[in-house]
Structures are given as structure tokens and as C-alpha cells.
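Thank you for making time this morning.

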Amino acid sequence: MFIGHFAVGFAAKRFAPHSSEAVLLAAPLLADVLWPVLLLLGWEQVRIDPGNTRFTPLDFVSYPWSHSLMMLCVWATAFGVIYYAITRYWLGAVAIWIGVVSHWVLDWVTHRPDMPLYPDGARYGLGLWNSIAGTMVVEIAMLALGVWMYVRATRAKDRIGRWAFIAYVVLLLVIYVADRFSAPPDNVGEIAWGGVAAAVILIPWAWWFDRHRSA
Ligand SMILES: [Zn+2]
């Protein structure tokens, strides 16, 4: 899943209006932020295998640290505790915890059975990715709902608050559709560096437009 994770981050604003949207997005995206780094370190493995599911050419060979349910509970707790220690905002800490763990649940719906319960443990997945239309309908509907909740929970203070936010949502949709209909990546390095670049751009960008919107 891709934009479905952003949907969770946007929806979270309603429950934790005083947390920065950058943090609320970083939580559900955390697994996919760690993953490219761990690929580059060689701790996790992916294989390019066109047709693995209809939606993605990737075969997720091993990702125990970024994508097992157990490790996501550990990351969620660490992220939530650090956030609470800094901000004393418990609603934000709860939103972070749920956000980080939600990644597993959403990936479990879309992936074929490759989502581990714990490192090297049993792997599960419902395989929504076997249907391109089904995947897109579910994810775009989720993003629409999440964005709607964010729009209801915040108001633009100026033009940056409006247009930098709208551009962000449009870009997510463009990346989502373009990624599906472009050729498979040439190598794992391309996937990993693409993931790092996406995180470095998309999380600070959310911080930027969110600062220009009031809760
Ligand atoms: Zn993921």
C-alpha cells in the first residue's frame, strides 16, 4: 500500500490536532522509511519480479525489521514514548502508536502472504494487489477520506497553507498512478534511493504546509 498510509496520517489530525502533520504522516510511513535504509544496509532483501502480484513487480523476500508486526509494535512504542517525552501531548503519542502499527494491517490487506508476525515468523497477506482496480479503488477512496478529515480539522492561514497542501495531494496521486504504469525498476538501488528521496521530500513538505494551517 502507498497512499493508504498517507490517508491514515491525514485522518490522524482529527484525533491529535496539535501534532504536526509531518509527525502524523511519519508514523504510518515509518515502515516504508526504514525499509529502503535497511535495503541499502543489506539487512533486508527485495527482488524485482514482474508479475509477482498484478499491482507490484516486487517480491518482498525478507523485511523482518521494518515490516514484522512485532517490530512495528516496538518502533511504535519507541516513537510514541520519545514524542511524549518531548511534547507531553499524549493524544499525539497515541496517534503515533496507532499510525505505526496500522502500516502492518494495511500492508497485510494488499500484500500476498509475505507480512511476518515477528522476525522469521509466519507470514500473512490477503493479496488485494492481485487486483489493480481493487487496489486503486480502495487506496484512492482511503486517501479521499483522510484528506477530507484533514481539511475538516484544519484551515489554511495563507496561500502556502492552501496551495502547498493541494499540490502535495496531487503529487501523491500522480506518483501513485505513474508508479503503477511505469516500467519495473532496474535494480534494488533504484528502489531504495527512490524511497529515501520520497521520505526526505514528502515529510518536511507536510511540516511546511501544516505550519501554514491552523488546527
Ligand atoms: Zn510497507
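Let me begin with a contact between two helices, where V23, A26, A27, L30, A31 and L34 in α2 meet L72, W75, F79 and Y83 in α4. Sorted by class, this contact of α2 with α4 has ten nonpolar residues, with no polar and no charged ones. Please keep in mind that what you are looking at is a predicted model. Helix α2 covers residues 21-41 and helix α4 covers residues 69-87, and the two pack at an angle of about 145°, with their axes 11 Å apart. The crossing in which α2 passes α4 is right-handed.

The second contact involves helix α1, residues 3-11, and helix α6, residues 132-153, whose axes come within 7 Å and cross at roughly 20°. At that angle, which is under 35 degrees, α1 is therefore roughly parallel to α6. Here α1 passes α6 in a left-handed crossing. On the α1 side the contact is made by I3, G4, F6, A7, F10 and A11, and among their partners in α6 are L143, G146 and Y150. The residues of this contact of α1 with α6 divide into eleven nonpolar, two polar and one charged.

Finally, the rings: across the whole structure, a search finds 18 aromatic pairs. One of them, formed by Y150 and F165, is tilted, with 5.1 Å centre to centre and 45° between the planes. Because Y150 lies in helix α6 and F165 in helix α7, residues 159-181, the pair ties together parts that are 15 residues apart in sequence. Y150 is buried, at a relative accessible area of 0%, and F165 also counts as buried, at 5% relative accessibility.

Conventions: Residues numbered from 1 in each chain as written. Predicted model: local features only at pLDDT ≥ 70, side-chain atom pairs only at ≥ 80, totals over all residues. Heavy atoms only, no water. Axes fitted to C-alpha atoms, helices over the stretch in contact; angles between N-to-C directions. Helix = DSSP H or I, 4+ residues; strand = E, 2+ residues; numbered from the N terminus. Parallel < 35°, antiparallel > 145°, perpendicular 65-115°, else oblique. Left-handed = near helix turned anticlockwise from the far one by under 90°. Contact = heavy atoms within 4.5 Å. Nonpolar A, V, L, I, M, F, W, Y, C, P; charged D, E, K, R; others polar. Phe/Tyr/Trp six-rings, centres within 6.5 Å; stacked < 30°, edge-to-face > 60°. Buried < 20%, exposed > 50% of the residue type's maximum accessible area, 1.4 Å probe, protein only.
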